[in-house]
Amino acid sequence: MIETGLQLNALQQSMTDLEGMATSIQDEISLREGKGLIPTVKQYKELVKNGEEQIDNLNEQNSLLVKQQSNLSRSSSKWHEIQSQIQSNNSAIASMNGNIADWNRSISGIAEQMGSNLLSTLEAVFNESASKTGLTSATIQSLQDQFADWGFEDISSIFYNTAQGVKVDNDALENLVNT
């Protein structure tokens, strides 16, 4: 019984840590949104993974709680206290499953929105690249931002300077998009 209590304490501490990590990720998402940026797919995937770990933790807690309950009389206040904790954990699991479903929908929405934004930016890139003056710095920055959202760190290799301004190497861009 003492060992089970120690295991429960360790799981509860681990749960507190997981909840803290989830709050930090959600704060990062809020900060991005506050700056007018799209949250990243990576952030939502981290939330999903964290949520799954929380569910695993709660299921482990429930297993230990049931083990503790097995040694108690069903009419005892301690048995009912443990049953209340199990029900609370089950409710938290159901809530987390809902959150995970929401985060997965957000991942799909982000991918769709980023794809749309990237297409608009690429259209501007091709139009400006064909012009006499080349790409504007705003379009270059927008393209870099779009690719950064997709996880590409350095896309400078797709640009080249000409006497008419910065142009885009269409072949290099195509290779980058297809990787």
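Me: Why is Lys49 called exposed in this predicted model?
Reply: Lys49 has a relative accessible area of 52%. Exposed means over 50%, so Lys49 is exposed.

Me: What makes Glu53 partly exposed?
Reply: The relative accessible area of Glu53 is 32%. Buried means under 20% and exposed over 50%, with partly exposed in between, so Glu53 is partly exposed.

Me: How do you know that Lys49 and Glu53 meet in a salt bridge?
Reply: Their side chains come to 3.1 Å, N to O. A salt bridge needs a side-chain nitrogen of Lys or Arg within 4 Å of a carboxyl oxygen of Asp or Glu, so the pair counts as a salt bridge. Both residues lie in helix α2, four residues apart, about one turn of the helix.

Me: Why is Val48 called buried?
Reply: Val48 has 9% relative accessibility. Buried means under 20%, so Val48 counts as buried. Val48 is also in helix α2, and among the residues it touches are Ile100 and Trp103.

Me: What makes Asp102 and Arg105 a salt bridge?
Reply: The closest N and O atoms of Asp102 and Arg105 are 2.2 Å apart. The cut-off is within 4 Å, so this pair forms a salt bridge. Both lie in helix α3, three residues apart.

Technical notes
Residues are numbered from 1 along each chain as its sequence is written. This is a predicted model: local features need pLDDT of at least 70, side-chain atom pairs count only at pLDDT 80 or more; totals for chains, interfaces and linings use all residues. Side-chain values use heavy atoms; hydrogens and water are left out. Helices (H or I, at least four residues) and strands (E, at least two) are DSSP runs, numbered from the N terminus. Buried means under 20% relative accessible area, exposed over 50%, partly exposed in between (1.4 Å probe, protein chains only). Contact means heavy atoms within 4.5 Å. Lists of a residue's contacts leave out its neighbours within four places in sequence.
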